[in-house]
Amino acid sequence: RAKAAGGNRYELADADSDARAIARHSLTNRLPAALDNGEFFIEYQPLVALGDGTVRGAEALVRWLHPVHGVLGPDQFIPLAEGTGLIVPLGRWVLEEAARQARLWRDAGTCREPMRVNVNLSPSQLRYPSLVADTVAVLEDAGLDPSALCLEVTENALIGADERELRPLRQLADMGVDIALDDFGTGYSNLSYLRRLPVSTLKLDRSFTRGMQSAPADPVDVKIVEGIVSLAHTLDLSVTVEGVETGIQAAHLRMLGCDTAQGWYYARPGPPDRLCALSLVDAASAPAP
Ligand code: C2E
Ligand code: MG
Ligand code: MG
Ligand code: MG
């Protein structure tokens with residue numbers, strides 16, 4: 001059987017990739033209708049201050065409730081939306097929703113101040129001419145201060161950007177919007193380029209903290225994180241760590257001086273009301289401000 005399958009391997013792989021191409025094509029075609037029909041929704045994952053364990057906000061993570069395939073994660077459709085330009089209206093919708101939600105949290109006193117909602121920006125959104133004006137309008141409509149918004153941009157999206165291409169981000173940063181470098185450490189970055197970017201937060205990629213999930217921690221990972229934290233703090237950048245899955249890891253990262261954490265140890269991404277419930281728990285257990 002193995003031999004027969006082996007003989008057909010090329011053809012099978014081909015049929016498989018055809019099927020995948022067809023699936024991609026049909027998902028891509030449905031994207032505009034999905035946006036019109038309200039099939040996208042956002043889950044929020046809390047951002048926790050490592051110093052006192054309080055919830056300071058959340059990252060908005062988009063999902064698609066597809067009528068046939070069920071819930072699809074962003075990795076399954078963001079690249080498609082990016083390819084067709086639909087990412088621009090979709091991204092604007094995410095921003096509007098997240099800003100509206102952040103205003104509700106702020107009014108309800110859900111998060112300890114300074115409270116922030118994080119929204120991911122894709123490369124096409126960065127290049128879109130009205131990014132700054134659109135963002136300002138969304139913040140105004142929501143009645144939200146720019147400092148309550150953090151835009152996450154991946155390292156790869158910024159590599160090679162010249163001063164003109166960075167101008168919109170710099171304008172947003174000057175207004176008080178926090179800009180975070182997402183998945184930091186996974187690109188081909190030359191650390192000296194950090195000085196040229198209008199970023200105020202590094203989001204350290206999960207791959208650097210995996211070695212600290214259990215004791216003893218991987219000594220090389222510890223050294224790397226220690227080095228990045230010290231560099232970041234020297235440059236006045238705050239450090240957020242993603243993918244914190246265990247208490248041991250959280251304790252390590254706090255000891256290493258990381259500022260904020262996000263991960264399954266605290267909470268998986270979930271509906272907005274979950275953040276309120278989490279904050280009630282931490283308000284009861286955290287030391288008074
Ligand atoms: P990201 O911005 O790096 O988001 C973090 C991802 O790690 C999320 O996956 C989150 O669910 C996952 N994660 C969080 N904590 C843990 C943990 O403790 N362990 C592990 N193993 N994973 C954890 P998700 O939701 O599938 O999002 C994937 C990526 O999709 C995001 O990566 C982001 O780049 C992109 N994305 C999500 N929403 C949007 C959006 O609205 N616009 C754009 N342009 N991109 C988005
Ligand atoms: Mg992100
Ligand atoms: Mg990330
Ligand atoms: Mg990541």
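How many residues does helix 4 have, and what span does it reach from its first C-alpha to its last? In this predicted model, helix 4 covers residues 87-108, which makes 22 residues. Its span is 31 Å, close to the 32 Å expected at 1.5 Å a residue. Its buried residues include Ile87, Val88, Leu90 and Gly91. Further along, Val94, Leu95, Ala98 and Ala99 are buried too. Gln101, Ala102 and Trp105 complete the buried set. An α-helix has 3.6 residues a turn, so residues three or four places apart point the same way. Just after helix 4 comes Gly109, with a positive phi of about 65°.

Now turn to the metals. The magnesium ion (ligand 2) has four coordinating residues: Glu59 (OE), Asn120 (OD1), Glu152 (OE) and Asp182 (OD). They sit at 1.9 to 2.2 Å. Along the chain, the donors of this ion follow the spacing E-x60-N-x31-E-x29-D. Glu59 lies in strand 2 (residues 55-66) and Asp182 in strand 6, so this pair ties together parts that are 123 residues apart in sequence. Glu59 counts as buried because its relative accessibility is 5%, under the 20% limit. Asp182 is buried as well, at 7% relative accessibility.

The magnesium ion (ligand 3) is coordinated by Asp182 (OD) and Glu242 (OE), at 2.0 Å. Asp182 belongs to strand 6 (residues 178-184), while Glu242 sits in the loop between strand 8 (238-241) and helix 10 (247-255), so the pair joins parts 60 residues apart in sequence. Glu242 is buried, with a relative accessible area of 12%.

Glu242 leads on to another ion. The magnesium ion (ligand 4) is coordinated by Asp183 (OD) and Glu242 (OE), at 2.2 to 2.5 Å. Glu242 bridges this ion and the magnesium ion (ligand 3), and the two ions lie 3.1 Å apart. Asp183 comes from strand 6 and Glu242 from the loop between strand 8 and helix 10, so this link spans parts 59 residues apart in sequence. How accessible is Asp183? At 25% relative accessibility, Asp183 counts as partly exposed.

A polar side-chain atom of Glu245 lies 2.5 Å from a nitrogen atom of ligand 1. For Asp183, a polar side-chain atom lies 3.2 Å from an oxygen atom of the ligand. Trp264 takes part through its backbone: an N or O atom there lies 2.9 Å from an oxygen atom of ligand 1.

The strands come next. Strand 6 and strand 7 run parallel, joined by three bridges. Phe184 has Leu204 of strand 7 as its bridge partner. Strand 7 also pairs with strand 8, again in the parallel sense, over four bridges. There Leu204 stands opposite Val241 of strand 8. Between strand 7 and strand 8 the chain passes through helix 9 (residues 219-234), and this β-α-β crossover is right-handed.

Which residues of strand 7 lie on each side? Thr201 and Lys203 are on one side, Leu202 and Leu204 on the other. All are buried, and both faces of strand 7 (residues 201-204) are covered. In a regular strand the side chains alternate between the two faces of the sheet.

Ser122 lies in the loop between strand 4 (116-120) and helix 5 (123-127). At 8% relative accessibility, Ser122 counts as buried. Its side chain makes a polar contact with the side chain of Glu82, at 2.8 Å. Gly270 lies in the loop between strand 9 (260-261) and helix 11 (272-285). Gly270 is buried, with a relative accessible area of 1%. Gly270 and Arg63 are 207 residues apart along the chain, and 11 Å separates their C-alpha atoms.

Conventions:
Residues are numbered from 1 along each chain as its sequence is written. Chains are lettered from A and ligands numbered from 1 in the order in which they are written. This is a predicted model: local features need pLDDT of at least 70, side-chain atom pairs count only at pLDDT 80 or more; totals for chains, interfaces and linings use all residues. Side-chain values use heavy atoms; hydrogens and water are left out. Donors are N, O and S atoms within 2.8 Å of the metal (3.2 Å for Na, K and Ca); water is not among the atoms, so sites may look incomplete. Helices (H or I, at least four residues) and strands (E, at least two) are DSSP runs, numbered from the N terminus. Buried means under 20% relative accessible area, exposed over 50%, partly exposed in between (1.4 Å probe, protein chains only). The expected span of a helix is 1.5 Å times one less than its number of residues. Two strands pair if DSSP finds at least two bridges between them. A crossover is right-handed if, with the strands pointing away from the viewer, the path from the first strand over the helix to the second runs clockwise. A polar contact is a pair of N or O atoms within 3.5 Å; within protein, one must be able to donate a hydrogen and the other to accept it, and residues adjacent in sequence count only if both atoms are side-chain atoms.
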